[in-house]
Every structure is written in C-alpha cells, then in structure tokens.
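Subject: Structure handover

Hello,

Here is the structure you will be working with. Please open it next to this message and follow along.

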Amino acid sequence: MALKITVIGTGYLGATHAAAMAELGFDVLGLDVVPEKIELLSQGRVPMYEPGLEELLRKHVAGIEGSSGRLRFTTSWEELGAFGDVHFVCVNTPQKHGEYACDMSYVDAAFASLAPVAREGSLVVGKSTVPVGSAARLSEVLPEGVELAWNPEFLREGFAVQDTLHPDRLVVGVASERAEKLLREVYATPIAEGSPLVVTDFPTAELVKTSANSFLATKISFINAMAEVCEAAGGDVVKLAEAIGYDERIGAKFLRAGIGFGGGCLPKDIRAFMARAGELGADQALTFLREVDSINMRRRGHMVELAREALGGGSFLGKRVAVLGATFKPDSDDVRDSPALNVAGQIHLQGGQVTVYDPKGMANARQVFPTLGYAESALDAVRGADVVLHLTEWREFRELNPAELGAAVGSAVILDGRNALDPVRWREAGWTYRAMGRPV
Ligand code: UGA
C-alpha cells in the first residue's frame, strides 16, 4: 500500500512540499496551527505569492472540481497522527529577537504535539533549517517505535515548485536502515530522477543545509566586496563578475553585486550558524561569516549614501524619493529582512518623502512599514521624484519605458541597486544612471 504523507507547517516550504507530494501520487494531509491558513489552502488558495503553487494545489486539493483529491488540510493533530506513515516537519525557524540564534519554538512545539499521536512504525522527517545537534535532541522526544530522519530542503522562493519537483540533490540524515528505506520509497518517484541522493548521519545532514546557505551568502558578499573595491578603483564589478564567472570552478551564479542578500533564510542562517558554532566551541571556524554579514549590511547603508549624494548631499528632509521594489527578491511577496524595504525605511526615518511600489509585495510591505508612502504603479511612484531607486529586480522594472518615466519625475536620476537595468537604454532616454560597483 502506498505510503500516506503528512506535512506539518504550511508556509512556503510546507505548502509546496504538500502539493509536490500529492503531485507524485501520495495521499497527503497538511496541518497548520493557524486555522485561517487551513481554510484558504482547503479552497486551493495560497496565502503568499509563489509562482505555480496555486495551480499545483488546485490540481490536488480535495473538493476542487477536477482535482485528484489527494491533498487535504487539517488543524487536528489526532487526525494527522492516525493518517500518516511519514510526517514531514516544515515549520519555520526564524531568528530570535535580539539574538543571533534561531528560534526553535515552532519546531519544539510541532514535535511535542506530534509525539503523542504518531503511530508506531511511522517516520518523522525534519525539513526545517535547524542548528546542528537538533535532530539528535528531537529524536529523544519521539516515543519508542517512531523514528526520525533529517532531510533538509534547498528550495528558493520564487522557484519553490520547480526546486521541489526537480531538486539538485536530496540529502537524508538517518540513524537506521529502516528510516533510509522509507525515505527512499518516498523519493523513488520522478522527484529523484536525475537527483543524487546523499545518505548520511544527522549532524552532517543538518550541516549541509547551513553550510550551503553560508556558501551562497559568502559568494554574494564576496562580489559585493569587489564592488566596493571597483568603486574605489574605477572598475566595473559587472564585467568583473562576468569574467571570473567563466571559470567553471567559480561559476557565474550568485555573483550579482548590489544591495545584498535578505529574506527569511540567508541572513538568519549565517547568524544562527555562528551562534551554534560558538556553543560547540568552534566559533573561530566561522568568524569570516561575521564579515560576510557586515559586508552585506554595509550595502544597504551605501545605497542610502548614494541616494544622499544624488540629491546633492546633506539632509533628506523635503526630498522625494521613489523606491521601485519592496520584496527581498523578485517573484516573491516576501519582505522579511528585505534590503529594499530597509533602504526605503532608512531614508524615510531620515526625513525623506519615500514612495514605494512593488508588483507583489505591497500588502506585506504596508504591514511591516505602514508609515512609508505607497503607489499603485511604478509610474505613480516616480511622479515628481527627486531620485529613483531600483532596489528589487522585477522583470516589470526592466521593461519600464524610461522616456515615459522621465517625463513624470522631477529629476531624472536613477540608482540601480541591483545592477539589473540596461544603462544604455536609461541614459539614451536622458536619465542619469548610476549603479553599484560600476564607473559613474
Ligand atoms: C535561499 C537559498 O538560495 C535556498 O537554496 C535555500 O533553500 C533557502 O534560502 C532556504 O534556506 O530556505 P531564498 O532565500 O529563497 O533561498 O533566496 P535566494 O535566491 O538565495 O536569494 C537570497 C538573497 O540574495 C536575495 O535577497 C537576493 O536578491 C540576493 N542575491 C542573490 C544577491 O544579492 N545576489 C545574487 O547574485 C544572488
């Protein structure tokens, strides 16, 4: 009989994983402790913007016309325990308030609720990003006969469906052959076709995730450090990235210089990793991540200073600043630790009159920063602006007509915080275009 799958937590990770498991032919039950989320998902609606996810859900959510009916949602732990052979834990692990360490309370609560209801013989699979050592500790919480495996997730927001159905690799940390066998059964589906499966122990599986994100963060901060040097020396970081990226050992990806990384993962993951290394007495090994973090945070301040310079130096008081982009990256509505919103907020707090437009992130941005000005379109945002900041590289912004915008602004100066616009197009339309790490 086919395995029955449950997914605990229905954020980006959980909702996508649940839909993907149903797509692969499993009967799936998703659980969340927030009833409103369950209500939405049960109608085939997604509480966030993630390309392709709503379509995939609607293909499988029970009760939707023409669906496979393989996917249901609940708030009941009893129902979940009785249903599942394999339970995937997908709750989030945000940064603790005022600390580097991550907040494990959602994971701990999920295990505490799951432990009494999980059937004997079932397998619990952790997917959340956790400090190394967590799996060993959490396996103690589970009753005899219920096993644990750790199977970190590498999906990117904006590509969640694609990354889940076609992962670069699958990593499973196990403590027994039985757990490995069960997980191989789950992944012995098209999902694993062409994806290498790395079987290892708990600590290695946990570390793979945090070290992968640390590497990505380091790569971005490296190119941003080069951008700083390029600015000092009159070099062009975009050409530099292109040229070093041709070396296959370096690779061209994740070498886009700009205002740096944000979101719910990279920033908090490198901090939690440093905190955990400290606890383990290995803090020296990760001191470089402190530098990675500080190069990254410096980018935001640098953009604020470029804006000040563009306005003639001095105070932002009375200046109109248009900000294109609020999300931490395009194709997402996520504004968690968003560099764009941070820059907008800094200028606003220094007296600038900031107007933000983002294709999908407006509702979330308004919630986080209600005192900023918001416009319904890029054109409306730039109307009368003294300077325009391009801070999230949505396709919509690349396709803007610089001449049309130029007629609406007060002063045609654009600062490209993502090195994503075509300087020639903007300059030809009469704009002063300035990017980060490129000659003026
Ligand atoms: C990241 C990882 O890429 C995923 O592999 C991982 O699974 C995920 O975290 C997670 O831990 O759950 P994500 O946060 O969705 O995914 O976003 P990324 O695509 O990694 O981008 C992160 C930030 O880096 C964005 O703010 C982006 O604008 C910035 N970035 C990215 C750059 O500034 N330059 C680049 O060259 C690439």
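In which loop is N419 found? N419 sits in the loop between β13 (413-416) and α18 (423-428). Helices (H or I, at least four residues) and strands (E, at least two) are DSSP runs, numbered from the N terminus.

Two notes on the source come next. Residues are numbered from 1 along each chain as its sequence is written. The model is predicted: local features need pLDDT of at least 70, side-chain atom pairs count only at pLDDT 80 or more, and totals for chains, interfaces and linings use all residues.

**Two backbone angles**

Most residues other than glycine have a negative phi. N419 is not a glycine, yet its phi is positive, about 45°. N419 counts as buried because it has 22 C-beta neighbours inside 10 Å. (A residue is buried if 20 or more other C-beta atoms lie within 10 Å of its own, exposed if 12 or fewer, and partly exposed in between; C-beta atoms are placed from the backbone.)

D337, also not a glycine, has a positive phi of about 40°. D337 lies in the loop between β9 (320-324) and α13 (339-349). It has 18 C-beta neighbours inside 10 Å, so D337 counts as partly exposed.

**The sheet**

An open sheet is formed by 6 strands in the order β11-β10-β9-β12-β13-β14, with parallel pairing. Two strands pair if DSSP finds at least two bridges between them. The edge strands, β11 (373-374) and β14 (432-435), each pair on one side only. Between β13 and β14 there are 4 bridges in the parallel sense, and the bridge partner of L415 in β14 is R434.

Helix α12 (residues 287-310) lies across β9, β12 (387-390), β13 and β14, at about 165° to β13. (Axes are lines fitted to C-alpha atoms, for helices over the stretch in contact, and angles run from 0 to 180 degrees between N-to-C directions.) α13 also packs on the sheet, where it touches β9, β10 (353-357) and β12.

**Two helices**

The axes of α11 (residues 266-279) and α12 come within 10 Å and cross at roughly 155°. α11 is therefore roughly antiparallel to α12. (Angles under 35 degrees count as roughly parallel, over 145 as roughly antiparallel, 65 to 115 as roughly perpendicular and the rest as oblique.) I270, R271, F273 and M274 in α11 meet L289, R290, V292 and D293 in α12. Contact here requires C-beta atoms, placed from the backbone, within 7 Å.

Regards

Technical notes. Two residues are in contact if their C-beta atoms, placed from the backbone, lie within 7 Å.
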